[in-house]
Each structure stands twice: as structure tokens, then as C-alpha cells.
Amino acid sequence: MQPNILICTVGTSLFRPNLETLKRERQEGKIRPELVGLAEAYEKQDWAAVARELGTLPPSDRTCGAEINSIASMIERGYVPANCGLFFLHSDTPDGKSIGVVLRQYFQARGHAPVETICVPDLQDQDPKRFRTKGLRNLARYLCRIIRQYSPATCAINATGGYKAQIAIAVVLGQAIGVPVYYKHELFSEIIAFPALPVALDLEVWMRASGMLFDLERSPEPIPAKTYEDEWDEKYESLVERVSIDNVDYLELSPTGQIFHETFRHRFQLIQDRLTPPAVAPEQKQKPRLEKAGWRGEHPEVQRFLERVTAEVPQVIRCETFYYNPDLPQRTRFRLSSKGIEGIYSDGTFTVKFAVRSSARTRSEEAAVVALLNDWLHRQYLS
């Protein structure tokens, strides 16, 4: 089946060097006559006029830039239909936003639908750290969001435009989700295709790591590495970036980790019924058991939380607290420990740990219930 949605990364070659070169040639009186109107529109920053003037040129003309050139080549070779839908993911910069406007108007005029432009937060070249830790993660997040909206079978990625690191992100994501990725180098006449491969990634690793991955994804700041030391597995190393702050080791989700998390969160939601144990009958559900030491009745919200976990997650039988610290903040999540499924609840000032009794009969089913609980928790943060 031919993909009919093309997701394109966007660079700045249309402006720099292409239209900047035209601007200079016009000032020097060396410009080709058919390009005078384009140069004037660019100097005036009249983006609608720039789009119209580009439309008078063959789409293979180098002046049109990497995005127009590569899409025209993909259409010519039959990779996508002539009226395919287009999503342009552009940088979080003034030039990126302006080029997005030009591309949207250019391709709308040629009958493509839908045509949408999306600014990727933090995808910029002024702060390398922000680009690496946030920009590339956001790129992966938006790519996955569009693919989920339209399905992998209908999508392809054009990774020609933009920063070189975006190509690597697009290829890895395409391999993980099963979406073909295309690239056109300016010196090559042919399109380079990175077809989707049956890469075997480990879903059970994601299920076990789901609490940490959801936690890192929703945190705007790095999290101390010691937070996860009790549940750490060396397989998680490629999913995170380590940052030293005041000689303390912190973790952030890496771009690869973002792809891994997005891919398997969606895959788990599709097949969770095959992975999780049977639901518990309503009459088997039991009230939470709260250990008394140190509580002094101060935190009724804990009991309410445990009651919701039991009532809303079908596989949970009962929650039983076994640890309370009034002065230790933690990160709320679920994890798989040597003793079974463990929950952590904290409001940022105190911590309660509790065992989750479920219908799971095997270690794999326990990992699936952990993932189900963390997905449930994630939806509570969004609601």
C-alpha cells in the first residue's frame, strides 16, 4: 500500500543559502530575470509572494530548496501520490516558522491535503544542550503523534530537511514503528530509502521500565539517578542521558528513549489484553490495608489513591502499605521489585510504599500489570 501521508523535517536551505544568494545577486545585477520577483518577495518578507514565485519554477530547481526538491522527486518515483498529505516539522526559530508558512502555501496551491506545519519546541541551534535533550525528544514525540493519528501503514517520513541529527532520529523511529524513511542528498539524483525492518525490540523491557520512562517524560527537569537505583537495569542505559549537576548524577530521557517509550506505549495499548492477566471479579476486590506505624491519620489522600487503584485497574485485588517516611519526597510510580509489584506515592513531602496484589501468575504478567498501572497513572496526570 502506497503511503499517502508524508511527514517532512524542515531545514533552512530555502533561505540560506538559496534566497540569500538571490538577494545578493539581485543587488549585484547578476540575477536570472525569472528570479527577480522571487528575490524581491524575499527581501520584503512577503511569504505568500515567495510561495507564488516558487510555484513558477520547476520543483526540481535547486533554488526551491531541499523540501520541495525531495517531495517532487518522491512523487515522480511513485513513493507517494501527487496529492499526498504533508506535515512539515520545522525548527523553533524565526526562519523555521517563516519557511513553514512558505511551504504550507506552496503545497496547498498544488492540491495537497492536508498540509500542516508544526513548530517543534526547543529544536534550535543556539543551545546545543537544549537541542539534544529537549528538541530531538520533541521531534520524536510529534513524529509518533502523527503516525498514531494516521497509522503506520499510511505514513512515510521525508528526512531530507533540517539538522543532520534529525535524520538519525527519523531512521531509528521508522525502524521501530515500521514506517519507511526517505532522504535526498542535494548532490544525488536518487532518493535513498530506509525501508521499515522487522526490528525486534523488547516489549518486556519497556513494561518493567515504564514507571521510570513515564516519570522522565513528564518531568520538565532532570531527575536524580539515585531515584531509580533500586529498579535499575543496564538495558536502560541507552534510554537516558546522564547529566552531572553539582557533582550529582541526574537522568533525562534521551531521544532514543523517547522513541522507545512512544513506540511501546502505543504497542502495549494495542495488545495489552493479550499480555495482562484476567480481570478480578468485583467480589474479589478488597479494601486497602494501611500499616499504622508513623501515620497518625495525617494523609487520607493516600487511602483515596489506593482505593482508586483497586477500583479502576481491573487486575488489582488489593493494595497494602508497608513503608512510610514523613520527610522523604519521592516520585509517584509503579515498579517491579524482587517481591512483586510495588507502588510509590508521594506529594513531594512524604513517601508511602505499598504492595499491589493482583491476578498476575507469572513474572511476565506482573510486568504487564506494572505497565498497565503506569499507563493508568499517566492518564491521571493528564486529566
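This is a predicted model: local features need pLDDT of at least 70, side-chain atom pairs count only at pLDDT 80 or more; totals for chains, interfaces and linings use all residues.
The axes of H2 (residues 36-43) and H3 (residues 47-54) come within 8 Å and cross at roughly 160°. For the contact I listed Gly 37, Leu 38, Ala 41 and Tyr 42 on the H2 side, and Trp 47, Ala 49, Val 50, Glu 53 and Leu 54 on the H3 side.

Next I looked up the open sheet, whose four strands follow the order S10-S13-S12-S11 with antiparallel pairing. I marked S10 (316-325) and S11 (333-337) as the edge strands; each has a single partner strand, so one side of each is left without a neighbour in the sheet. From one strand to the next I noted a twist that averages 30°. Helix H10 (residues 300-312) packs on this sheet, where I found it touching S10, S11, S12 and S13 (351-358), and its direction makes about 155° with that of S10. Between S11 and S12 (residues 340-346), which run antiparallel, I recorded five bridges, and I noted Arg 335 standing opposite Glu 342 in S12.

Last, I turned to the cores. The largest nonpolar core has 47 residues, of which Trp 206, Phe 305, Phe 334 and Leu 373 touch the most other members. Leaving out residues up to four places away in sequence, I listed Thr 332, Phe 334, Tyr 345, Phe 354, Trp 376 and Leu 377 as touched by Phe 305. Apart from this core I found another, of 36 residues, including Cys 8, Ala 51, Phe 107 and Tyr 182.

Terms used
Residues are numbered from 1 along each chain as its sequence is written. Side-chain values use heavy atoms; hydrogens and water are left out. A nonpolar core is a set of buried Ala, Val, Leu, Ile, Met, Phe, Trp, Tyr and Cys residues joined through side-chain atoms within 4.5 Å. Buried means under 20% relative accessible area, exposed over 50%, partly exposed in between (1.4 Å probe, protein chains only). Contact means heavy atoms within 4.5 Å. Two strands pair if DSSP finds at least two bridges between them. Helices (H or I, at least four residues) and strands (E, at least two) are DSSP runs, numbered from the N terminus. Axes are lines fitted to C-alpha atoms, for helices over the stretch in contact, and angles run from 0 to 180 degrees between N-to-C directions.
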